[in-house]
Amino acid sequence: MAGPIPISLNTVPQEVLEHIAYFAATDTFLGPPSSLLPLLATSQRLNSSLSITTNHHLYARVFGHKFDLEAPLLRLGADRLTSWALADELRRRCVVLKRLRARLDSTTRARHADEDDHKMTVHNVLFTAYILMLENEGKNKAQLMEYGHMKAWIREFWFDAHGASLAVYSIRTGNWPLNLPETALAMWLFWFFLNTDDYANANDGPEAPLNILKALALGAHRYNLTATSWVDFEPKVSTQTLEHVTLYSESMELTTPPLAAPAILSYLALVNRRPPVPRKPFSEWDSEWGRCSTTLQPKWNLSECFKPGSIEGVWEGFFTYTEFTAYAALLAGAPPNVIQKSVVGKHQQTWKLREHHLVAYEASGSDSGIDMDIDKIKPLRAGDPLRSYFPTGTQIREHRDGLAVQESGTGQVLRYQRAPSLQAQQCDDQRQVYVQDIIITGEGHSAWGQFNLVGRVRPCDGFVSLSKDYVDGDRGKWLYRGYLVGNANGNFAGRWRDTLSPAEVPGYEGCFVMSRRR
């Protein structure tokens, strides 16, 4: 009688081994699939059949368990997210999470003492974390916060005496904090993870978080709102704004988002002592992804960087201002402690905004004069940046369903449709709609009086510029420029400036933030 057949993992069928390996890799949600390592060390056969270099499909499944997938599938397409790409991204993200957890990049001391086998620049660590938040549906943020301890990491990076941002060191030596791709990404992550209660009892010296953020938010001459000059409605493409970043096993050219917008949002959230508007799933950040991933070229369809209809409605918020003499000292070269010591005033304001679209369709099938082919539509040309890019002499007539816009010296009248009417029309029309230009009109009020608003959205990056004219004329004309950070639940944040200083030089500026009335 034959004895019992010895049981060995070497005799287990491959598909069963993969099931075992998957459950070992996903026995815990947080962090790298470290429980898989003992299984891989069992034998050379198992290692060769289950390793990441030979079994991409297994690790792609593990990626789907630990990270959010819907956003990259929609933005990049399934063809680019192969099993190999997902497996490679899993490996890279695990390295990032381990570096965050070990605080290998948050301070200068940690950077100097780094002996980790998986070297990675702090730029790559931060860009990976930023992309994770743009793709977040819940899993990504949990990995960063609960396993990577991102909140503690980012606080140390910015506000520790030896923080890798060198912000505290810069303030101590009378210099402005560095404006680099790394600090820009780190400020976005600070905003994503900000809980105002965490900073309620912070000290009040020049190195305090609030005062460092104050310098970053109010130092308009140092920290630009845009990646390219705000003066140009159609800026020239510059390779200097592009960074080579590995994403899903491919090297991609991405634009680092400027530091200013999240610095303003963070500073004003702490000043107002009110938590930011709750952030929503990844679709809320489609425009941030569009600004990051598309080249700064004129677009036939500007919805990549601005969701049409997202600024329509009533907005509430406030703007800040500083003493003119203190701000003039900044422009003359004063150190940041001048603005840190300066008194900042603020006023509440309310806006009622209407959004109007110049649209074209894939094919013309109408005699209305509105449904025109893309090649036949010529948007309003670029104009004066101090007047929200409108050409001098442009005539705008508003009616219930939109605008009639005529440029000076031409007989052509461009007809813009209100956002709500366009959305209703799209529901009944199967053709592809291209939004080529957006004009915003509206009115509002503050303690300084009533005012009218009119502006445009820059097609290449969704940069919004609004001219604010007080009705009584005594308060002057001001220019509000910024981004809608987020879509339906976003905050409109940026800076206002005077319209008397030439556009090419820094003017008298302050901050503002507006949130949709709820």
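Leaving aside its neighbours within four places in sequence, with which residues is glutamate 135 in contact? In this predicted model, the partners of glutamate 135 are Asp68, Ala71, Pro72, Arg75, Arg93, Asn140, Tyr248 and Phe282. One of them, arginine 93, is joined to glutamate 135 by a polar contact of 3.0 Å between the two side chains. Glutamate 135 has a relative accessibility of 3%, and because buried means under 20%, this residue counts as buried.

Glutamate 135 is found in the loop between H8 and H9, and these two helices deserve a look of their own. Helix H8 covers residues 122-134 and helix H9 covers residues 139-147. Their axes lie 8 Å apart, and the helices pack at an angle of about 140 degrees; H8 and H9 are therefore oblique to each other. The crossing in which H8 passes H9 is left-handed.

On the H8 side, the helix contact is made by Ala129, Leu132 and Met133, which meet Asn140, Lys141 and Leu144 of H9. Sorted by class, this contact of H8 with H9 contains four nonpolar residues, one polar residue and one charged residue.

Stepping back to the whole protein chain, the secondary structure comes to 18 helices and 13 strands. The chain has 518 residues, of which 54% count as buried. Among contacts in the chain with a separation of 6 or more, 69% are between residues 24 or more positions apart.

Notes
Residues numbered from 1 in each chain as written. Predicted model: local features only at pLDDT ≥ 70, side-chain atom pairs only at ≥ 80, totals over all residues. Heavy atoms only, no water. Axes fitted to C-alpha atoms, helices over the stretch in contact; angles between N-to-C directions. Helix = DSSP H or I, 4+ residues; strand = E, 2+ residues; numbered from the N terminus. Parallel < 35°, antiparallel > 145°, perpendicular 65-115°, else oblique. Left-handed = near helix turned anticlockwise from the far one by under 90°. Contact = heavy atoms within 4.5 Å. Nonpolar A, V, L, I, M, F, W, Y, C, P; charged D, E, K, R; others polar. Buried < 20%, exposed > 50% of the residue type's maximum accessible area, 1.4 Å probe, protein only. Polar contact = N/O pair within 3.5 Å; in protein donor to acceptor, adjacent residues only side chain to side chain.
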